[in-house]
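Let's take a walk through this structure together. Keep the sequence and the 3D view open as you read.

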Amino acid sequence: HCSLDREHYRLIRGLLEKNLGEPIEEFLRPYNLLDPSIYTVLSGDVFINLSFLVDMTDVSLELLDRPADTEDRHSLAKFDFMKSKVLYESFSDGSKSVNLVSHSLLAHDTRYTRPRKGAEATPRNVFDCILQPSKAGSNDASLQLELHYRSTRDASCFTMVLNNLRVFVIFDWLQRLQDFLQVHAGKASDSTETHLLRSSSARSSGAVIPKTVKSGVVTKRSTVPVSQDRCLELKVNVTGTEFVVVEDMSCVDTNAIILKGTTVLTYKPRLLDRPFSGSLAGVEVFSCRLGREQETALSIIDPINIQVELCGNPVYRSTSGLLDAFNVEDIPPLLEIQFPALDIRLSYNDIQLFLTIAKSIPSAKALPAPVSVEVTPGTSKQETHHLKETQLNHLQDLGFKKEDCRRALSLCKGHLDQAATWLLENAENVSRCSSTRVDSSTSSHTAPLSGVELRADSICICLIDDCLDCDVPLAELTFSRLNVLQRIGSTQEGNASCTLSGDYYNRELSGWEPFIEPWPCCLSWQQQADGHLQ
């Protein structure tokens, strides 16, 4: 049994990042003692420098958290590695790999295992086993979880495999666990803060070199930014795993929504034509009452196969003429979603269940604490507010989001330099200058997507009356040959086309009757500023 609080976790993470994770050049002996066969630079052969295997049997890892208003440490989570192995390997070419393979793994919410002061008003989570084997999985020796990370000099690859697991989605617990794991390893010294600020601005601008000359006037004068950032490739494989979202986590036999299916998601930013692709096979959603799932299960979405792809903009595929002056990164990709047929059944209780879960999500998330600034006794409230806004503007000028700037000032107690250092180490730089924030209506920023396209053979939405525990259909809307395109960027516009039909259920005749005949329709929309409206 091992227990880790934030201080110990920060120490261990720092040791792993600064020692095992630090990129170190290969040591070369004097030339008269060099043997080409044992050096990758000379021979080209890759061999293992360091390798160790940790076999974990009945090992428990407990995370201890300390709230801001108390001095006592309380248990947050516990992970039981019943049958797991960790393998670390570093190679002579500078690459490293870490593998975690688990055949039996449990994750527990341990916030309510011990009574504590002031916890009576907080609803207790009775679903303490967050991660557990699925009831459908019969083979205990099968693989449950696999995490694989490989790092090279140019890129990093992370792969996650989930197999036959049941995951309870408890939003407040996941938020606190995320805050715990995002604790940074170390803090930069005050002498390096100015250097970090300058290097950040240099990275945001990027180096510019001439582009390869092809033909034409514009092409010869075009330049491209050269980014030295290492790309990260992601792959997620989920098989036979159930994600359970409960309505009331303090009740054992509460209503819940269960999502299950097989999913394969791949993200490779180097593939400009298809940087992201996803395949969702046999995905289904149903509602039930926990403890009596087989008797109370009601299908909301029937099993469906969905294909999701992030495609390069079709305009750039035929590169010729003036289009050669632009980079591929200048034209954001298009997100394409397509599936054959989607059948949705919604009852009154299902809609109320979705609304209850949606209302619980904002309250479960930890909102950023108010910014604390050191104020002298003679400082007025207006001056204090002006000082906060000034500090926020300075941090936003570096290219960070306003929420991250508030959080940084709160954690650093109003010290601007320390907050800037924290943002450089923990936040994402969106490279948005202050002039863009002041007048966003007249300036355009680069969107991550150029648009979203949805194509479906048919979407059928059936409304069900479940009054007095008697499920009777009310009406049904069908969208056939649906095609929706929404453009994202400086011009917000889109169009949709489909064949719409509607039927209602006549209880007296016990049959369906149409109230909307098949109607081919087209719809287009565009968002404009107030000054352009007529």
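This is a predicted model: local features need pLDDT of at least 70, side-chain atom pairs count only at pLDDT 80 or more; totals for chains, interfaces and linings use all residues.

Residues are numbered from 1 along each chain as its sequence is written, and side-chain values use heavy atoms, with hydrogens and water left out.

Which residue does Arg407 pair with in a salt bridge? The partner is Asp179, and the closest N and O atoms of the two are 3.9 Å apart. A salt bridge here is a side-chain nitrogen of Lys or Arg within 4 Å of a carboxyl oxygen of Asp or Glu. This one links distant parts of the chain, 228 residues apart: Asp179 is in helix H3 (residues 171-181) and Arg407 in helix H10 (residues 402-411). Helices (H or I, at least four residues) and strands (E, at least two) are DSSP runs, numbered from the N terminus. Asp179 is buried, its relative accessible area being 18%.

Now look at Arg345 and Asp302, another salt bridge, with 2.8 Å between the closest N and O atoms. Arg345 sits in strand S15 (residues 334-347) and Asp302 in strand S14 (residues 298-311), so this pair ties together parts that are 43 residues apart in sequence. Arg345 is partly exposed, at a relative accessible area of 32%.

Arg166 and Glu242 form a salt bridge too, and their closest N and O atoms are 2.7 Å apart. Because Arg166 belongs to strand S8 (residues 165-168) and Glu242 to strand S11 (residues 231-246), the pair ties together parts 76 residues apart in sequence. Are these two buried or exposed? Arg166 counts as buried at 4% relative accessibility, and Glu242 is buried with a relative accessible area of 8%. A search of the whole structure finds 14 salt bridges.

**A patch and a threonine**

Turn next to the surface. Val98, Tyr149, Leu232, Leu234 and Tyr267 make a nonpolar patch of about 380 Å². Patches are made of residues with over 30% relative accessible area and no salt bridge, where like charges are joined within 9 Å and nonpolar side chains (Val, Leu, Ile, Met, Phe, Trp, Tyr) within 5 Å.

Thr499, in strand S18 (residues 492-506), is buried, with a relative accessible area of 13%. What does Thr499 touch, leaving out residues up to four places away in sequence? Its contacts (heavy atoms within 4.5 Å) are Thr478, Phe479, Ser480, Arg481, Pro518, Trp519 and Pro520. The side chains of Thr499 and Arg481 are also joined by a polar contact of 3.1 Å, meaning a pair of N or O atoms within 3.5 Å; within protein, one must be able to donate a hydrogen and the other to accept it, and residues adjacent in sequence count only if both atoms are side-chain atoms.

**Stepping back**

The chain has twelve helices and 19 strands, and buried residues make up 33% of its 534 residues.

Terms used:
Buried means under 20% relative accessible area, exposed over 50%, partly exposed in between (1.4 Å probe, protein chains only). Accessible areas come from the Shrake-Rupley method with a 1.4 Å probe; for residues, only the protein chains shown count as cover.
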